[in-house]
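Me: Hi! Could you walk me through this model? I'd like to start with the salt bridges.

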Amino acid sequence: MLEDQSFSIPVDQIECRIFGNFQFSEAVEKTRKASWEALLIKNSAAFDGALLRMADHRIEDGRLVVAANSTSFSAYVATRDPRFGDVYPHAARADPLGMTAVVLTADDSVIVTKRSLAADQNPGGLYLIGGYAEPGKGFDTVDLFQEVAREIAEEIAVSDLTRSA
């Protein structure tokens, strides 16, 4: 494991393998449904999209290999409360695989975005571009660089990116 370590690795030496779906016990599933319904009351436009959850990671033949499960945004909403572990001490969190990009412009500026005032978390906050990795349809691996590129295209409509570490 890579606990409490910082390291760098070339972008082409990262592999994300998907295996299975992250599942809750019946009790936690009830909490997921209730918390999602509560969020929809506050934000009817919320979308319960598919996300990837990092289940494990290791270095294998000089490559960072991330093992991921499919999960959902509603599972993340249900498990992100800091008290979740106190209420369900034997349950795992959905913890989606988050990504952040530092986008440099041609004039060496960094693009910073401001969250909508209607955002569920940190409304009006300043952020670098980012989001969550999503599972591909019918694939057992995901290119995390392409996932970051998708987020950049969604957030600032830029698609002519250079793949560099």
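Reply: Happy to! Glutamate 29 is partly exposed, with 24% relative accessibility (buried is under 20% relative accessible area, exposed over 50%, partly exposed in between; 1.4 Å probe, protein chains only). This is a predicted model: local features need pLDDT of at least 70, side-chain atom pairs count only at pLDDT 80 or more, and totals for chains, interfaces and linings use all residues. Residues are numbered from 1 along each chain as its sequence is written, and side-chain values use heavy atoms, leaving out hydrogens and water.

Me: Which side chain does glutamate 29 meet in a salt bridge?

Reply: That of arginine 32, at 2.6 Å, N to O (the rule is a side-chain nitrogen of Lys or Arg within 4 Å of a carboxyl oxygen of Asp or Glu). Arginine 32 is buried, at 16% relative accessibility.

Me: Where do glutamate 29 and arginine 32 lie?

Reply: Both are in helix α1, three residues apart, about one turn of the helix (helices, H or I of at least four residues, and strands, E of at least two, are DSSP runs numbered from the N terminus).

Me: What else is buried in α1?

Reply: Besides Arg32, you'll find Val28, Ser35, Trp36 and Leu39 buried there. They cover an arc of only 105° around the axis, so they sit on the same side of α1 (the arc is that of the directions from the helix axis to the C-beta atoms).

Me: And what do the buried residues of α1 pack against?

Reply: They pack against α2 (73-79) and α3 (84-87), with contact meaning heavy atoms within 4.5 Å.
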